[in-house]
Amino acid sequence: MSFLLKKKDKTPKGTEKSLTSVSSLSNLSSLVGLSHHKSAPENVAAAREALLSLKGPAPSDKVKEHVAKYLSRVKVHLLGSDGTPPTGGQEIEVVHSIVRDNTPPLLSLLVQKLPNLEFEARKDAVQIFNGVLHSYRSELQDGVEYVHKYPELLTEIASGYTNIEIALNCGAMLRECIKHEKLARDLLFSPIFLQFFQWVELKEFEAASDAFTTFKEILTTHKAVVAEYIEAHYDEFFEHYTLLLKSANYVTRRLSLKLLSEILLDRTNGAVMTRYIKDLENLKLMMLLLKDQSKNIQYEAFHVFKVFVANPNKPPDIIEMLKHNKSKMLRYLGNFHNDREDEQFKQEKAVLCHVLQELPE
């Protein structure tokens with residue numbers, strides 16, 4: 001009807017244009033991948049591309065920001081957020097994307113680009129790497145199988161101990177790998193393992209301490225594999241190990257002695273122990289360490305020395321050495337750590353003294 005007036009548009013002038021611009025900006029954001037609702041595979045792909053863009057010694061802040069952003073998102077997909085775990089389906093999807101998609105996959109790039117990352121991004125990279133390897137579900141073994149297939153990754157991670165900036169990060173990644181027997185074997189039987197004998201004596205205390213923690217886990221986690229390795233490489237292994245026992249570094253000597261005792265007294269290493277305690281040079285070294293200035297070194301040496309004395313099948317040269325030092329040893333042990341409130345230690349010392357006493361003159 002003509003007398004009806006048209007409803008006045010209350011939209012302020014210019015607003016329509018503004019809304020159109022916002023809509024266009026939103027579409028553009030989606031097109032260029034800035035949407036915050038990317039799927040797990042999309043964020044994995046974005047993280048991978050961001051890592052590949054890390055080139056040269058000084059990448060731009062924008063590149064580093066992108067890397068940090070996408071690694072953080074991948075971490076949430078994999079591990080959950082604020083105490084909320086990821087759904088089972090999402091975890092499988094993201095693990096497969098991290099390990100299988102593209103060449104090299106994100107899992108490999110996390111290791112290769114670790115030195116180029118900022119502090120927080122490094123922490124996220126380690127958590128992602130460890131998160132992929134952590135699951136023992138059969139459908140989530142892709143990460144373990146990938147590292148097993150490409151053992152050079154283990155070598156690259158272990159070599160991180162030579163870079164103080166990433167040494168602790170690499171140690172955390174290695175210890176996650178060691179939990180899996182096949183990866184522990186790969187590391188133990190690789191040439192890089194012998195480098196640990198040097199890394200445990202690094203000048204930087206934190207790095208050296210971390211390296212020894214990893215070294216110990218390699219030699220104690222999968223005992224049958226360790227026994228196989230030491231038996232197959234006995235001379236080479238103990239040539240290096242003896243240098244640790246003679247180290248000028250107090251911490252190295254003490255920790256090495258304690259670990260040696262643990263290795264020798266483990267039943268899995270019975271053949272290794274038998275061979276070790278038949279060597280006269282090893283006995284001489286323990287007798288020397290038994291009289292070290294440090295009481296802690298003395299105490300740790302005692303737990304190796306007792307194995308030589310208690311051996312019912314001592315070789316003739318071992319017997320002769322003990323007989324020759326019998327009187328001195330009995331006097332020394334008579335006053336050895338008498339202030340220790342440790343009943344087992346007291347009993348063991350009494351048994352040792354009795355065995356030494358029974359040796360013929």
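When I say that two residues touch, I mean that they have heavy atoms within 4.5 Å of each other. With that in hand, let me begin at Leu-107, which touches Ile-98, Val-99, Phe-129, Val-132, Gly-143, Tyr-146 and Val-147, once residues up to four places away in sequence are left out of the count. Please keep in mind throughout that what we are looking at is a predicted model.

Leu-107 lies in helix H5, and because its relative accessible area is 0%, it is buried. Its C-alpha is 9.3 Å from that of Ser-97, a residue 10 places away in sequence. Is Thr-103 buried or exposed? At 72% relative accessibility it counts as exposed, since the cut-off for that class is over 50%. Thr-103 and Arg-48 are 55 residues apart in sequence, and their C-alpha atoms are 9.9 Å apart in space.

Let me now step back to the chain as a whole. The protein chain has 21 helices and 0 strands, and of its 361 residues 47% count as buried. If we take the contacts between residues at least 6 apart in sequence, 70% of them join residues at least 24 apart.

As general background, nonpolar side chains in soluble globular proteins tend to be buried together. In this model, the largest nonpolar core holds 108 residues, and those that touch the most other members are Ile-98, Phe-193, Phe-215, Tyr-276 and Met-286. Helix H18, residues 295-310, supplies the largest share of this core, with 9 residues. As for Met-286, if we leave aside its neighbours within four places in sequence, it is in contact with Leu-245, Leu-257, Leu-260, Tyr-276, Ala-301, Val-304, Phe-305 and Phe-308.

I would like to turn next to two helix pairs. For helix H2, residues 40-52, and helix H3, residues 61-79, the axes come within 8 Å and cross at roughly 150°. Because angles over 145 degrees are classed in this way, H2 is roughly antiparallel to H3, and the crossing of the two is left-handed. On the H2 side the contact is made by Ala-40, Asn-43, Val-44, Ala-46, Ala-47, Ala-50 and Leu-51, and these meet Val-63, His-66, Val-67, Tyr-70, Leu-71, Arg-73, Val-74 and His-77 in H3. By class, the residues of this contact divide into 11 nonpolar, 3 polar and 1 charged.

The second pair is helix H17, residues 280-289, with helix H19, residues 316-324, which pack at an angle of about 25° with their axes 9 Å apart. Here the angle falls under 35 degrees, so H17 and H19 are roughly parallel to each other, and H17 passes H19 in a right-handed crossing. Leu-280, Leu-283, Lys-284 and Met-287 in H17 meet Asp-317, Ile-318, Met-321 and Leu-322 in H19, and that contact has 6 nonpolar, no polar and 2 charged residues.

Which helices do the buried residues of H10 pack against? They pack against helix H6 (119-134), helix H7 (142-149), helix H8 (152-158), helix H9 (167-178), H12 and helix H13 (223-232). The buried residues in question, in helix H10 (residues 181-188), are Leu-183, Ala-184, Asp-186, Leu-187 and Leu-188.

Helix H12, residues 205-220, also contains Thr-214, which counts as buried because its relative accessibility is 0%. Leaving out residues up to four places away in sequence, Thr-214 touches Tyr-161, Gly-171, Leu-174, Arg-175, Ile-178 and Phe-196.

I will finish with two loop residues. Asn-269 sits in the loop between helix H15, residues 250-264, and helix H16, residues 270-276, and it is buried, with a relative accessible area of 3%. Apart from its neighbours within four places in sequence, Asn-269 is in contact with Lys-223, Ala-227 and Ile-263.

The other is His-337, in the loop between helix H20, residues 326-334, and helix H21, residues 343-358, which at 6% relative accessibility counts as buried. Most residues other than glycine have a negative phi. In His-337, phi is near 50°, a positive value in a residue other than glycine.

Definitions and conventions: Residues numbered from 1 in each chain as written. Predicted model: local features only at pLDDT ≥ 70, side-chain atom pairs only at ≥ 80, totals over all residues. Heavy atoms only, no water. Helix = DSSP H or I, 4+ residues; strand = E, 2+ residues; numbered from the N terminus. Buried < 20%, exposed > 50% of the residue type's maximum accessible area, 1.4 Å probe, protein only. Core = buried A, V, L, I, M, F, W, Y, C linked by side-chain atoms within 4.5 Å. Axes fitted to C-alpha atoms, helices over the stretch in contact; angles between N-to-C directions. Parallel < 35°, antiparallel > 145°, perpendicular 65-115°, else oblique. Left-handed = near helix turned anticlockwise from the far one by under 90°. Nonpolar A, V, L, I, M, F, W, Y, C, P; charged D, E, K, R; others polar.
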